[in-house]
Amino acid sequence: MRLVHSEARVRVPATSGNLGPGFDCMGMAHNIWDEVSVRLTTSATKVRIIGEGAQTLPKGETHLIVKALKRALEVAGLPEAGFDLTCHNSIAQGRGLGSSAAAVVAGLLLVRGLVDQPELIDDEFLLSLATEFEGHPDNAAPAIFGGAVVTWKEGKKARAARIPTRVKTTLLVPNTQLLTSKARSVLPEKVPHVDAAFNASRSAMLVLALEHYPELLMRATEERLHQDYRADSMPESARAMRDLRSVGWPAVISGAGPSVLVFDELDQETTTLMERRGFAVYKDGMARRGAYLVTDE
């Protein structure tokens, strides 16, 4: 494998991990996209960020996309290079929308656009390296494959399978941020066996609900492993989720939060109410495809 192109461009979708009961093992892609382009250089790496994170994300070697690029080149046995990177970010940072997974997948996928044998940088390669960065594949997998996915590990190897579904979704994105590290810090080290069994049953039900039985979505999105423990860290989001569920909307916390994912398209009255509470409402729904090189369009 050789570097034969000096430039590449990719688009990567936002994602929700967990989907309620599927803690660290289920995810979904959304029609909110980051677009990243790279040009190989012989000078120092530079990162230009437009949009989300423009004032807060690093502009050099410590940027997550740069780290992913370097790791992919290393694993593929390719020489190091400098990068001139431009990021057009639409995925809000620190909102439970998979912004870090999107950055990792973008960096890895860019390498596919630079080499003479792109088929060797296949989706399995991307998922393996992305999980190395992320620790678990529930955001990386939908970012790569699109749609809704179930993920698991076989030893150190990450796997994923698409769930055929045409469910409509709405995302509610607040102004407030919540670091994933903080959201994880409030989770207990042990949970009651009855709660683990409850979540296992609801995760299995959720796959059925997404694929065949949408009438089960309210019951299928019940869970006991993380949302209640995190409620005090995102009170407005927790309240919105509870209020939506109380009137029949199957709502869950998106990933570690504080965004809220609803497995339906909200009506105008409910949309207006959520906007008044300070949420940005996205009804564009699930992304049917995952990350891709822009030349593939």
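Which residues does the UniProt annotation "domain: GHMP kinase N-terminal" cover? According to that unreviewed entry, the answer is residues 64–147; such annotations use the numbering here, with shortened feature names, and may be inferred rather than shown by experiment.

## About the model

This is a predicted model, where local features need pLDDT of at least 70, side-chain atom pairs count only at pLDDT 80 or more, and totals for chains, interfaces and linings use all residues. Residues are numbered from 1 along each chain as its sequence is written, and side-chain values use heavy atoms, leaving out hydrogens and water.

## The annotated stretch and helix H2

Residues 64–147 are 52% helix and 10% strand, with end C-alpha atoms 24 Å apart. Helices (H or I, at least four residues) and strands (E, at least two) are DSSP runs, numbered from the N terminus.

Meet helix H2, residues 99–112. Its 14 residues reach 20 Å from first C-alpha to last, close to the expected 20 Å (1.5 Å times one less than the number of residues).

## Rings and charges

The whole structure holds 1 aromatic pair (ring centres within 6.5 Å, using the six-membered ring for Trp). Tryptophan 33 and tyrosine 292 have ring centres 5.7 Å apart and planes at 70°, so they are edge-to-face (over 60 degrees). Because tryptophan 33 lies in strand S2 and tyrosine 292 in strand S11, the pair ties together parts 259 residues apart in sequence. Both residues are buried.

Tyrosine 292 also has the charged end of arginine 289 over its ring, 3.6 Å from the centre (the rule is NZ of Lys or CZ of Arg within 6 Å of the ring centre and within 35 degrees of the ring normal). Likewise, arginine 224 lies over the face of phenylalanine 198, 3.8 Å from the ring centre.

Note on methods:
Rings of Phe, Tyr and Trp (its six-membered ring) pair if their centres lie within 6.5 Å; planes under 30 degrees apart count as stacked, over 60 as edge-to-face and the rest as tilted. Buried means under 20% relative accessible area, exposed over 50%, partly exposed in between (1.4 Å probe, protein chains only).
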